[in-house]
Amino acid sequence: MERNFPETLSALRKGRNISQRQAAADLGISQALLSHYENGAREPGLSFVCRACDYYGVTADYLLCRSAHPGDVSVRDSRLFLNEMRDLLNRAESALNNIEGEEL
């Protein structure tokens with residue numbers, strides 16, 4: 001079963017044994033608003049998502065259910081990034097070699 005934002009937000013709070021009242025106070029919102037977020041009645045803005053990520057120590061991708069990894073990026077994502085960087089470096093080197101060849 002796939003996770004969704006309300007379930008993830010609620011599970012993070014419950015997994016740390018934090019009351020809804022305490023989490024809401026720590027996050028700077030009312031308990032009623034946090035309840036709405038946790039039951040899916042309302043969607044939060046970006047500032048709340050950022051605060052919640054910091055509060056629970058998770059990435060936005062995890063909180064928004066775009067990643068199964070609550071912390072650092074996955075190895076797969078890291079490899080994709082490295083491959084993209086290698087490709088860019090190779091293209092930059094090739095461009096410099098072309099410029100150098102034209103100058104000779």
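## Close-up views of a predicted model

**View 1. Arg 91 and Asp 87 join their side chains in a salt bridge, at 3.8 Å from N to O.** A salt bridge here is a side-chain nitrogen of Lys or Arg within 4 Å of a carboxyl oxygen of Asp or Glu. Both partners belong to helix α6, where they sit four residues apart, about one turn of the helix. Helices are DSSP runs (H or I, at least four residues; strands would be E, at least two), numbered from the N terminus. Asp 87 is partly exposed, its relative accessible area being 40%. For accessibility, buried means under 20% relative accessible area, exposed over 50%, and partly exposed in between (1.4 Å probe, protein chains only).

*A note for all views.* This is a predicted model, in which local features need pLDDT of at least 70 and side-chain atom pairs count only at pLDDT 80 or more, while totals for chains, interfaces and linings use all residues. Residues are numbered from 1 along each chain as its sequence is written, and side-chain values use heavy atoms, with hydrogens and water left out.

**View 2. Glu 38 and Arg 13 meet in a salt bridge, with N and O 2.7 Å apart.** This is one of three salt bridges in the structure. Glu 38 belongs to helix α3 and Arg 13 to helix α1, so the contact ties together parts that are 25 residues apart in sequence. Both partners are tucked away: Glu 38 is buried at 10% relative accessibility, and Arg 13 is buried at 9%.

**View 3. Asp 61 pairs with Arg 66 in a salt bridge whose closest N and O atoms are 3.5 Å apart.** Here Asp 61 is partly exposed, at 38% relative accessibility. Cys 65 has a phi near 65 degrees, a positive value in a residue other than glycine, and is partly exposed at 25% relative accessibility.

**View 4. Tyr 37 and Phe 48 form a tilted aromatic pair, one of two aromatic pairs in the structure.** Their rings are 4.7 Å centre to centre, with 50 degrees between the planes. Rings of Phe, Tyr and Trp (its six-membered ring) pair if their centres lie within 6.5 Å; planes under 30 degrees apart count as stacked, over 60 as edge-to-face and the rest as tilted. Tyr 37 comes from helix α3 (residues 31–39) and Phe 48 from helix α4 (residues 46–56), eleven residues apart, and the pair links distant parts of the chain. Tyr 37 and Phe 48 are both buried.

**View 5. Tyr 55 and Tyr 56 make an edge-to-face pair, because their planes stand at 75 degrees with the ring centres 4.8 Å apart.** Tyr 55 is partly exposed, with a relative accessible area of 26%, whereas Tyr 56 is buried at 3%.

**View 6. The charged end of Arg 3 sits over the ring of Tyr 62.** It lies 4.2 Å from the ring centre. A charge counts as sitting over a ring if NZ of Lys or CZ of Arg is within 6 Å of the ring centre and within 35 degrees of the ring normal.

**View 7. Helix α2 (residues 20–27) has Gln 20, Ala 23, Ala 24 and Leu 27 as its buried residues.** Looking down the axis of α2, these buried residues fall within an arc of 100 degrees, so they line one face of the helix. The arc is that of the directions from the helix axis to the C-beta atoms. Arg 21 and Ala 25 are exposed on the other side of α2. For context, most residues other than glycine have a negative phi.

**View 8. Phe 81, Leu 82, Met 85 and Leu 88 build a nonpolar patch on the surface.** Together they have about 360 Å² of accessible area. Phe 81, in helix α6 (residues 75–103), is partly exposed at 49% relative accessibility. Patches are made of residues with over 30% relative accessible area and no salt bridge, joining like charges within 9 Å and nonpolar side chains (Val, Leu, Ile, Met, Phe, Trp, Tyr) within 5 Å. Areas come from the Shrake-Rupley method with a 1.4 Å probe; for residues, only the protein chains shown count as cover.
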